[in-house]
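Hello, and thanks for passing this one over. Here are my notes, point by point, to read alongside the model.

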Amino acid sequence: QVQLVESGGGLVQAGGSLRLSCAASGRTFSSYAMGWFRQAPGKERESVAAISWSGLTKYYVDSVKGRFTISRDNAKNTVYLQMNSLKPEDTAVYYCAAAPGPVSLGEDRYDYWGQGTQVTVSS
């Protein structure tokens, strides 16, 4: 069982930056691939980025490549999402999730989900 708690969301102007954190409970955090997903109002949840248990493999959706960076610190049971050059279209609730297997952007691979943190980017 893994419990996830996101933090770091907020209101930022376009072009600004935010860093999201996701703290995980459980002794097996380092064995899970981790992902960030987001859901904008009136839209389906979409993948954003994913990272392997080792941190060596990272995937990004095209719309955030070059702007967002996913990382993890297994000693702190925490995964991060550094978001730079934010755009109004990045406005969404951001969720972190844990997958007991290979890293993937596929939402169906993730078994554990946090409650989400709101990110709002003003124009």
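1. On charge, the chain carries 12 positive and 10 negative side chains, and the centres of the two sets lie 7 Å apart. Lys and Arg count as positive and Asp and Glu as negative, with His and the chain ends not counted; each charge is placed at NZ of Lys, CZ of Arg, CG of Asp or CD of Glu.

2. A word on the source: this is a predicted model, where local features need pLDDT of at least 70 and side-chain atom pairs count only at pLDDT 80 or more, while totals for chains, interfaces and linings use all residues. Residues are numbered from 1 along each chain as its sequence is written, and side-chain values use heavy atoms, leaving out hydrogens and water.

3. How many helices and strands are there? The chain has zero helices and 11 strands (DSSP runs: H or I of at least four residues for helices, E of at least two for strands, numbered from the N terminus). Its radius of gyration, taken over C-alpha atoms, is 13 Å, close to the 14 Å that the globule rule gives for 123 residues, so the chain is as compact as a globular protein of that length (the rule is 2.2 Å times the number of residues to the power 0.38). The C-alpha atoms fill a box of roughly 40 × 25 × 25 Å along the principal axes.

4. Of the 123 residues, 45% count as buried, meaning under 20% relative accessible area with a 1.4 Å probe, protein chains only. Among contacts (heavy atoms within 4.5 Å) between residues at least 6 apart in sequence, 59% join residues at least 24 apart.

5. Leu4 deserves a look of its own: beyond four places in sequence, its contacts include Cys22, Met34, Cys96 and Trp113.

6. Is valine 2 buried or exposed? Valine 2 sits in the segment before β1 (4-7), yet is buried, with a relative accessible area of 5%. Beyond four places in sequence, Val2 touches Ala24, Ser25, Tyr32, Ala98 and Tyr112. The C-alpha atoms of valine 2 and glycine 26, 24 residues apart along the chain, are separated by 5.5 Å.

How values were computed. Buried means under 20% relative accessible area, exposed over 50%, partly exposed in between (1.4 Å probe, protein chains only).
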